[in-house]
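Here are my notes on the model, point by point. Please read them with the structure open.

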Amino acid sequence: MKDTDIKRLLYTHLLCIFSIILSIFVPSFFLENFSILETHLTWLCICSVFVTAVNLVLYLVVKPNASSKRSSLSYKVTRFLKCCIYFLMSCFFFHVIFVLYGAPLIELVLETFLFAVILSTFTTVPCLCLLGPNIKAWLRVFSRNGLTSIWENSLQITTISSFIGTWLGAFPIPLDWERPWQVWPISCTLGATFGYVAGLVISPLWIYWNRKQLTYKNN
């Protein structure tokens, strides 16, 4: 494991964090009365687009899992379409999970679905960019001793931290503080966002701190 690889990982994560910051401040120049709380659904859409775009660009530039084999155009198109289908499936899957855990079934359907979209953006999109629409690779990365690179290690950490942030974000909802950020699903989406950012910050630092102990299958 080279320090240059960890630095490259850190820089890509900083750009991902920067994409979230842009989604907070840039829309205010074009949309009146824009804010995370008052126009939360709009912000969820914008944040999802920004984060997805940056992830795609970084994947194309950095190419952490670059293959020496040349792929045909038809293969790339098929792979892209599969990724889109996987993303939509992820959104519907999270939506169902939220409903099973107590989210409104009929009311606030759009809010719940956009919550599923933003969580899919933080978890599924990085998996698709790094591993592609390959369920076996996903299971390998999130299994014990299945990592093959620092990129997969980082993916594991950021995904788990996003889920933890989402879970922690649900705790304030039933409290009678009567704060605007307690409205469904604002606290959960903010928790997911903070969890994702925390994972982006923690993962390269943790990998650097444990670089001498970490071993990967391809090493």
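Contact here means heavy atoms within 4.5 Å. The model is a predicted one.

1. **Q156.** By that cut-off, Q156 touches V141, F142, S143 and L147, leaving out residues up to four places away in sequence. Q156 sits in helix α6. Its relative accessible area is 18%; the limit for buried is under 20%, so Q156 counts as buried. The side chain of Q156 also reaches the backbone oxygen of V141, at 2.8 Å.

2. **The salt bridge.** How many salt bridges does a search of the whole structure find? The count is 1. E152 pairs with R140, and the closest N and O atoms are 2.9 Å apart. The pair links distant parts of the chain: E152 belongs to helix α6 and R140 to helix α5 (residues 135–141), 12 residues apart. R140 is partly exposed, at 26%.

3. **T158.** This residue is in helix α6. T158 counts as buried because its relative accessibility is 4%, and the limit is under 20%. Beyond its neighbours within four places in sequence, T158 is in contact with H13, G199, L200 and S203. The side chain of T158 reaches the backbone oxygen of L155 at 3.1 Å.

4. **T166.** Helix α6 also holds T166. T166 is buried, at 9% relative accessibility. Which residues does T166 touch, not counting those up to four places away in sequence? They are F115, L119, C188, G191 and A192.

5. **The nonpolar patch.** F142, I160, I164, W167, L168 and F171 make a nonpolar surface patch of about 610 Å². One of these, I160, lies in helix α6 (residues 150–169). I160 is partly exposed, with a relative accessible area of 42%.

6. **Record versus model.** An unreviewed UniProt entry places "transmembrane region" at residues 9–29, 41–62, 83–106, 112–132, 153–171 and 183–209. Two of these spans can be set against the coordinates. Residues 9–29 are 81% helix and 0% strand, with end C-alpha atoms 31 Å apart. Residues 112–132 are 95% helix and 0% strand, and their end C-alpha atoms lie 26 Å apart.

7. Most residues other than glycine have a negative phi, and most peptide bonds are trans. N33 has a positive phi, near 55°. N33 is in the loop between α1 (3–25) and α2 (40–62), and is exposed, at 62% relative accessible area. L108 also has a positive phi, near 55°. L108 is in the loop between α3 (73–100) and α4 (109–131), and is partly exposed, at 34%. Where is the cis peptide bond? W184 and P185 are joined by it, with omega about -5°. P185 is in the loop between α6 and α7 (186–209).

Note on methods
Residues numbered from 1 in each chain as written. Predicted model: local features only at pLDDT ≥ 70, side-chain atom pairs only at ≥ 80, totals over all residues. Heavy atoms only, no water. Patch = residues over 30% accessible without salt bridge, like charges linked within 9 Å, V, L, I, M, F, W, Y side chains within 5 Å. Areas by Shrake-Rupley, 256 points an atom, 1.4 Å probe, with all protein chains shown as cover. Salt bridge = Lys/Arg side-chain N within 4 Å of Asp/Glu carboxyl O. Helix = DSSP H or I, 4+ residues; strand = E, 2+ residues; numbered from the N terminus. Buried < 20%, exposed > 50% of the residue type's maximum accessible area, 1.4 Å probe, protein only. UniProt positions renumbered as here; feature names shortened; annotations may be inferred. Polar contact = N/O pair within 3.5 Å; in protein donor to acceptor, adjacent residues only side chain to side chain.
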